[in-house]
Amino acid sequence: MPETRTLDQRLTPHFTLREVCASATAARHGINNIPPLEVLAACKRVCEHILEPIRTHYSVPFSPNSFFRCLELNRILGSKDTSQHTKGEAVDVEVSGVANLDLARWCADNLDFDQLILEFYDPNDPRGGWVHVSYVSAAENRRQILTIGKGGTVEGLPQ
């Protein structure tokens with residue numbers, strides 16, 4: 001019997017399949033961005049190991065900015081075909097009332113992750129940019145920390 005899925009299906013207590021595949025760009029382009037079943041397990045791991053701990057720590061409801069991206073959507077957004085978003089292994093996050101640098105630091109200190117990237121953070125606008133976090137598995141995570149901005153990519157987070 002095939003597994004049935006609905007957009008309201010909870011992957012964890014606070015996150016649904018709808019949030020995993022939500023994309024205004026996909027909607028505008030008529031793209032079906034629902035992850036295939038073989039990717040759903042990776043999405044659930046990201047919810048369990050990344051999103052739920054953030055939600056629990058900050059006690060602030062939020063939805064991911066960008067999570068799963070089918071290849072067609074990923075290409076429209078100008079991202080590489082190898083993006084972990086296409087495998088359901090990466091999520092872009094902001095938490096209302098929390099500076100993105102503070103969120104990135106908390107993630108670096110408290111989560112197991114593959115890659116943590118503070119993207120386009122502006123110290124003059126603490127809400128600017130976003131935090132990208134990926135999770136593969138406890139055995140495969142690299143714990144790589146990067147900051148990406150107009151000046152390029154550097155290792156680590158700003159002081």
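Predicted model: local features only at pLDDT ≥ 70, side-chain atom pairs only at ≥ 80, totals over all residues.
In soluble globular proteins, nonpolar side chains tend to be buried together. Here the largest nonpolar core has 39 residues, and the members that touch the most others are Ile50, Ile54 and Leu103. Helices H1 (17–21), H3 and H5 each give two or more residues to this core, as do strands S3, S4 and S5. The biggest giver is H3, with 9 residues.

Apart from its neighbours within four places in sequence, Leu103 is in contact with Ile54, Tyr58, Val93, Glu94, Val95, Val98 and Val131. An α-helix has 3.6 residues a turn, so residues three or four places apart point the same way.

**A strand with two partners**

Next comes S4. How many residues of S4 are buried? The count is 5 of 5, so S4 is largely enclosed by the rest of the structure. In a regular strand the side chains alternate between the two faces of the sheet. In S4, Gln115, Ile117 and Glu119 point one way, while Leu116 and Leu118 point the other way.

S4 pairs with S5 in the antiparallel sense through 5 bridges, and with S6 in the parallel sense, also over 5 bridges. You can see both pairings at Leu116: its bridge partner in S5 is Val133, and its bridge partner in S6 is Ile145.

**An aromatic pair**

The whole structure holds 3 aromatic pairs. One of them joins Phe120 and Trp130, with ring centres 5.7 Å apart and planes at 40°, so the pair is tilted. Phe120 sits in the loop between strand S4 (115–119) and strand S5 (130–134), whereas Trp130 belongs to S5, so the pair ties together parts that are 10 residues apart in sequence. Phe120 is partly exposed at 39% relative accessibility, and Trp130 is partly exposed too, at 27%.

| Cysteine | Closest cysteine sulfur | Distance |
|---|---|---|
| Cys47 | Cys43 | 7.0 Å |
| Cys107 | Cys47 | 14 Å |

For Cys47, the 7.0 Å gap is too far for a bond, and the 14 Å gap for Cys107 is too far as well. Cys47 is buried, at 0% relative accessibility, and Cys107 is buried with a relative accessible area of 1%.

**A buried asparagine**

Is Asn74 buried or exposed? Asn74 has a relative accessible area of 0%, so this residue counts as buried. A polar atom of the Asn74 side chain lies 2.7 Å from the backbone oxygen of Lys80. Beyond its neighbours within four places in sequence, the contacts of Asn74 are Arg69, Ser79, Lys80, Asp81, Ser83, His85 and Thr86.

Definitions and conventions. Residues numbered from 1 in each chain as written. Heavy atoms only, no water. Disulfide = S-S within 2.5 Å. Buried < 20%, exposed > 50% of the residue type's maximum accessible area, 1.4 Å probe, protein only. Phe/Tyr/Trp six-rings, centres within 6.5 Å; stacked < 30°, edge-to-face > 60°. Helix = DSSP H or I, 4+ residues; strand = E, 2+ residues; numbered from the N terminus. Core = buried A, V, L, I, M, F, W, Y, C linked by side-chain atoms within 4.5 Å. Contact = heavy atoms within 4.5 Å. Polar contact = N/O pair within 3.5 Å; in protein donor to acceptor, adjacent residues only side chain to side chain. Pairing = 2+ DSSP bridges.
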